Amino acid sequence: MMLPPKYIKEIEKYAEKKKLTEKKKQKIIEKIESLYKRFVYDPEEPIGIVTAQSLSEPATQMTMRTYHFAGTAGIQVTLGLPRMIEIFDARKEPKTPTMTIYLKKDYQDIEKVKRVAEEIKEIKMKDIVLSTTIDLTELWIKCKLDTNKMKEYNIDIEKLPKKIRIRGIETKIENNNILKVVYKKDDIRGLYKLKYSLLESHIKGIKGVSQVVVNKEQDEWVISTLGSNLKKVFNIEGIDPTRTTCNNIFEIYDVLGIEAARNTIVEQAKFTMEEQGLDVDIRYIMLLADLMTVDGEIKAIGRYGISGQKTSVLVRASFEETKKHFVNASVKGERDKLKGAIENIMMNQVAPIGTGAFELVGSIPKTKKAEKTKSEKPKKTEKTKSKKAKKAESKKKTKTKKS
Amino acid sequence: MKKQSHEKAERADIYLNGKYIAHVQDALKFVNDFKKKRRAGLLPYQANIAHYPELREIRINTSHGRVRRPLIIVENGKPKLTKEHIEKLKKNEIDWSYLVNHGIIEYLDTEEEENSYIALTPEDVTKEHTHLELDPITMFGLSATLIPYPEYNRGDRINYGAKMVGQAIGIMCNNFLLRTDTKFNILAYPQIPLVTTKTSKIMQDFPEGQNIVVAVMCYDGYNLNDAIVMNKSSVERGMFRSFYFRTYETLKKRYWGGQEDEITIPEPGIKGHRGEEVYKDLAEDGIINPETKAESDAVLIGKISPLRFLSGEEFISDIENKRETSITIRHGEKGIVDKVIISETPDANQMIKIVVRDERIPELGDKFASRHGQKGVISLLVPQEDMPFTSDGVVPDIIFNPHAIPSRMTVGHLLEMLAGKTGSYSGQILDSSAFHHPKEKEIRALMKKMGFRDDGKQTLYDGRTGKKYDVLIFTGVLYYMKLDHMVANKIHARSRGPVTLLTKQPTEGRAKRGGLRIGEMEQQCLIGHGAALTLKERFDSDLTKIPICTKCGLVAIHDVLKNKTYCPTCKDAQIVWVEISYAFKLAMDELKSMCVYPKMNPKEL
């Protein structure tokens, strides 16, 4: 058996460092190989069940400690069981989308980092408005602006009116600190709606990023955010796009592809488990992540994902929505080959798993007696023979009453 | 409560039992007048009135089913119940109804309680108070008031304690020998607690436990994790011996057509006859005699019922038309027939009731508890000679693990031990009702006065070696209860047994001699180990052989009489026998019933 190339590379690196002879190096490789073999699963060992158990046992431990939040410096992230469910259900949008933004080496200065962070954070009108007044007869809204905050956020007051992109209005700056918005339509109700959309309108930064926190992580400045938008963050100067990630698996899939999505699933699941003080071997999570992404798209584990796409009708029907699966199978005339474990357990046959996966190859020479009985009518042989007849069953098109 | 001001008259709607009846201008005046009149006896004392100023509503409730409780009325900062009343009460000159009728005590329901300000003790009463609690103990329910020193325990322990008091075996009523409840337990030698509360004094006709000498120490790890080590000799002397009574009942029913059940010894030849040996204990009338030993499944009442109603033309011999329907002792239970009652129901059917009594001696696995939520299970019965003993020769009945105390913080448990010890040596019964009882200091002083250590610790000697223990050991007397969870009622195993009709799988539950289910997770465990053949064998309980038609793939017919197997639809098709779980065959049948055609395609292996 061969070791993975990564292991051999590491051994070689070590050998170089310690200046080992070729003989010694070979010995190390041999030793590691024998250790490696011990951890390799045997053929037909039900690794899926072992994976499921290895993950779900700690998950039950987690339920006992739900609602325990421990956010990293200011940002509250969903953790524990809710997050695990989020990952494996492949939710399109996580409850708390976050980004971890790494910076290039020449941006490792607190001032520069802060500037980048400022650029990322979304600023809405309501963040810089002190108060608003509405005139119902003249149909205008006046917003008193907070000049100090605007300076802090680096917003030019003259450019502000252009940044508000709402149809049917005219914007003007008065007295250098008041924004006057004139509504062109003659609609009082619309004016109130306008006020709301005005305050919610995007001024600066990346949409959806509501919180930005700058942290120091081992001699390096890292920006973590609440709300994510990878595509736009990658366009910002100074960011290291090779390491910057977010926790939204689907977003990673869109921006970076399926391999990256797989890695994110592994990373996120491992992180959530470890955060709860649980130790799960990474290979189990990897297996699960592989299963979720083999088809080139992210599939959930459950009715609409992996479990719902199994080949066997009986297995699908035994999981959820029994009637639906049986009726659909009968309409299509599906054939169940009974190759899986669950089908065989249902029919009380030896399941092709573990010790049951192997059979004798080659036939035992038949005696004359056996031949005789075989040629005879099946009536007499019934009781002695054909105990282990393999069955396959299929459903043919029939009328369905209701449903 | 908001301070009531009479300056501004607030109007309000009045609802009587949820129905609008009137409107008043001055709500407060109305409410006060109402209460005054009720206290004077002009209005029924069952009526309660609640004022909701924020809703401008007054609700008067007179309906049944409300929870109400008595309280002493306070007026101008003085409780209406005076010492004179108490003196008179003691002399039996007045009674409770006098107090209620004279406006000294009144009953409040939950709604009216919201409008009142209730003081817990007489010392707390201020001018703002409207009522005074009869006693602080009223904050507990009935079972919780049976717990001694409750204020020294953590709240949840009181809760558990109160729950377990309800499960205790004692004497639930004094006429139990005459009763025929389906099942009940009676403690053989009940005692009233040495450390009592006000309620347990009232309840002393219905004791529920025994005063037990307890040593707080470990015993070879046998009392690990809430297990209890018990003195075998004490048990043999009758400690916590109890009786389990079960009543079996049958009716001699009359059926249409003049037929009726028959209570006799069933003759051989009748359907379902159990063999003559089984009926040997029955008397001539077919009913077992009192004080007869009856083992599991023994017949108590021999009974024969008509199988089918005769309809003119058919001829069935008498013996063929009868079925044995005897009443037997439940599987797994035994006992001695305590009494036999033969009577008649209102519709003139003969009724027979048999009460069977079983002596239950404490055994490994029986559950015991003190009154502080400290429960445990017997793990070892130690002969007296091996138990630790004091220099006076006192041997504990129970060895209680000290680790049960710190995390649960049941200080009351320890206090009860000390008080019980004091009480047993001085011959006193100590009061330990919540909030006012002799304090720890007083108990200690009493101990000291009698010449003991005041902390309850004693030198103990190991019964097995005779050596003195290095440390002093806390011993005392505790009121212990035997709880209604005995292994004899729960022990269960199955190798063979009945199956359900529909699925041919083993039945479920102890009463039905059921099997222990291999659940989904257990099944996955076997898969996980790759033990395919073990897995198959474990699910062999409903294995059946069915004939399958190779042409249509459906179940064929096997005619046992003609020894012929054929498919009813495809006549000359070949038929194979297939070994399959019956549950799957059933599933296929059900699929067929919903018009899905499950076709089996058998192949030679």
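Colleague: Is B:Arg464 buried, partly exposed or exposed?

Modeller: In this predicted model, the relative accessibility of B:Arg464 comes to 38%. Buried requires a value under 20% and exposed a value over 50%, so at 38% B:Arg464 counts as partly exposed.

Colleague: With which residue does B:Arg464 form a salt bridge, and how far apart are the closest N and O atoms?

Modeller: The partner is B:Asp462, which has a relative accessible area of 11% and is therefore buried, whereas B:Arg464 is partly exposed. Between B:Asp462 and B:Arg464 the closest N and O atoms are 3.4 Å apart.

Colleague: Which residues of chain B are joined into one network by salt bridges that share partners?

Modeller: The joining rests on shared partners, and the network includes B:Arg38, B:Arg39 and B:Lys80.

Colleague: Which residue meets B:Arg371 in a salt bridge, and are the two side chains' residues buried or exposed?

Modeller: The side chains of B:Arg371 and B:Glu416 meet at 2.9 Å, N to O. The pair links distant parts of chain B, with B:Arg371 in the loop between strand S23 (367-369) and strand S24 (375-382) and B:Glu416 in helix H8 (residues 411-426), 45 residues apart. Because B:Arg371 has a relative accessible area of 0% and B:Glu416 one of 1%, the partner asked for, like B:Arg371, is buried, and that partner is B:Glu416.

Colleague: How many residues apart are A:Glu200 and A:Lys126, whose side chains meet in a salt bridge?

Modeller: The N to O distance between the two side chains is 3.0 Å. A:Glu200, partly exposed at 26% relative accessible area, is placed in the loop between helix H9 (188-199) and strand S7 (202-204) of chain A. A:Lys126, partly exposed at 41%, belongs to helix H6 (residues 125-128) of chain A, and the separation of the pair is 74 residues.

Colleague: How many salt bridges does a search of the whole structure find?

Modeller: The search runs over all chains, and the pair of B:Asp462 and B:Arg464 is a salt bridge. Over all chains, the number found is 53.

Colleague: Which residue of chain B gathers with A:Arg335 in a patch of positive charge on the surface?

Modeller: A:Arg335 lies in strand S11 (residues 335-336) of chain A and, at 48% relative accessibility, counts as partly exposed. A patch member needs over 30% relative accessible area, so A:Arg335 passes that cut-off with its 48%. A:Lys337 and A:Lys339 also belong to the patch, and the residue from chain B is B:Lys603.

Definitions and conventions
Residues numbered from 1 in each chain as written. Chains lettered and ligands numbered in written order. Predicted model: local features only at pLDDT ≥ 70, side-chain atom pairs only at ≥ 80, totals over all residues. Heavy atoms only, no water. Salt bridge = Lys/Arg side-chain N within 4 Å of Asp/Glu carboxyl O. Helix = DSSP H or I, 4+ residues; strand = E, 2+ residues; numbered from the N terminus. Buried < 20%, exposed > 50% of the residue type's maximum accessible area, 1.4 Å probe, protein only. Patch = residues over 30% accessible without salt bridge, like charges linked within 9 Å, V, L, I, M, F, W, Y side chains within 5 Å. Areas by Shrake-Rupley, 256 points an atom, 1.4 Å probe, with all protein chains shown as cover. Lys, Arg positive; Asp, Glu negative; His and termini not counted. Charge placed at Lys NZ, Arg CZ, Asp CG, Glu CD.
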